Amino acid sequence: MRLVRENNSFSITDLKLEKKYDYQKYTRDNDLGSRHYNVGDIKIPSVTTILSATQSPEKKASLDAWRERVGYQEAQRIMNQAATRGTEMHYVLENYINGVGYFNLSKEGAQARLMAHRLIEDGLGPLKTIYGSEVNLAYEDKWAGSTDLVGIFDDKPTIIDFKQSNKPKREEWIEDYYYQIAAYSLAHKKQHGEILQGFIAICTKDLLFQGFKMDQSKLSEYEDKWFKKVDQYYSTLSTS
C-alpha cells in the first residue's frame, strides 16, 4: 500500500478492493440520551456507549482530576479540538481508500491530512486487500458499532481502527481500543466471516505513529472480557 501524489490529488496504490461481504449501513441516533444504532426496528447501544457506562471508578476519577487541573472550559476545548481533528483525519483516509479526491486547504485540514499520510506510510504497508471501510456491525441486539477498515493485513483477516492522539500512548492507556476491536471482531464473525487479528493505528498531532497489533490470543482474551462488559452494562440497566 503506497501513497502517490499528482498535483493536489492523492491516491493509494497496491491495494485491492474486494466486496467479499454484504455489509449493511445503520443510522445512528442519540434519542435515548446516548449513542445507539438503528438496526432494523431496534435501537442497539453502541460499543462506545457500553464502554462509557462500564468505566471503572479509577478511570472516571482520573478524567475528573484532569478536568479540574486544566479547567473545565479548557478541557472541553481540548476534547472538541481533538474530536474535530480525528473526524477530519478519518474523512481523509476514507476518501483515499475509496479512490475519491479530497484536499482541505485549511490549517486544520492540512494537519489532519499529514496525520493520515503518516498512518498510511508508516502503518498500513502490510494492508493489501480491503473488504470494507466504515463498516457497520452488530451482534444480535446486544451492541453495534462502526469500524474503520476490514481487510487482509499481514495475510490475515483483520479489524483495523484509526485513532488520533494529542500525545504518544502507553499500552495501558489504550485498553478501551482493545475492547472496541474485540466487539467489532465478535460482531463480524457473527454476521459475516472470520477475523484473526486486530490492528490499532495511532497518529499524534505531532505526526508520531504508533501501531498496536492484537494477535489471535489477545483478541480472544479481550472478546471474553468484552462479554463481561456487556453483561455488566445490561445488569446495570435492569436494576436502574
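This is a predicted model: local features need pLDDT of at least 70, side-chain atom pairs count only at pLDDT 80 or more; totals for chains, interfaces and linings use all residues.
Biologist: How many cavities of 30 Å³ or more does the structure hold?

Modeller: The structure holds 1 of them. The largest cavity has about 30 Å³ of space.

Biologist: Which residues line the largest cavity?

Modeller: His 90, Leu 93, Glu 94, Ile 97, Glu 134, Asp 148 and Phe 162 do. By class, this lining has 3 nonpolar, 1 polar and 3 charged residues.

Biologist: Which element gives the largest share of that lining?

Modeller: Helix 3, residues 72-97, gives 4 residues. Here is the general idea. In an α-helix there are 3.6 residues a turn, so residues three or four places apart point the same way.

Biologist: Now to Ser 165. Where does Ser 165 lie, and is it buried or exposed?

Modeller: Ser 165 lies in strand 9, which covers residues 156-165. Buried means under 20% relative accessible area. Ser 165 counts as buried because its relative accessibility is 3%.

Biologist: What does Ser 165 touch, leaving out residues up to four places away in sequence?

Modeller: Ser 165 touches Ile 202, Cys 203, Thr 204 and Lys 205.

Biologist: Last, helix 2. What span is expected for helix 2 at 1.5 Å a residue?

Modeller: The expected span is 20 Å, and helix 2, with 14 residues (57-70), reaches 20 Å from its first C-alpha to its last, close to that value.

Biologist: Which residue follows helix 2?

Modeller: Gly 71 follows helix 2, and the phi of Gly 71 is positive, near 95 degrees.

Note on methods:
Residues are numbered from 1 along each chain as its sequence is written. Side-chain values use heavy atoms; hydrogens and water are left out. On a 1 Å grid over the protein atoms alone, a cavity is a set of points where a 1.4 Å probe fits but cannot get out, and a pocket is an open set with protein on both sides within 12 Å along at least five of seven lines; lining residues have an atom within 4 Å of a point. Grid points are joined across faces, edges and corners, and a volume is the space filled by probe spheres set on the points. Helices (H or I, at least four residues) and strands (E, at least two) are DSSP runs, numbered from the N terminus. Ala, Val, Leu, Ile, Met, Phe, Trp, Tyr, Cys and Pro count as nonpolar, Asp, Glu, Lys and Arg as charged, and the others, Gly among them, as polar. Buried means under 20% relative accessible area, exposed over 50%, partly exposed in between (1.4 Å probe, protein chains only). Contact means heavy atoms within 4.5 Å. The expected span of a helix is 1.5 Å times one less than its number of residues.
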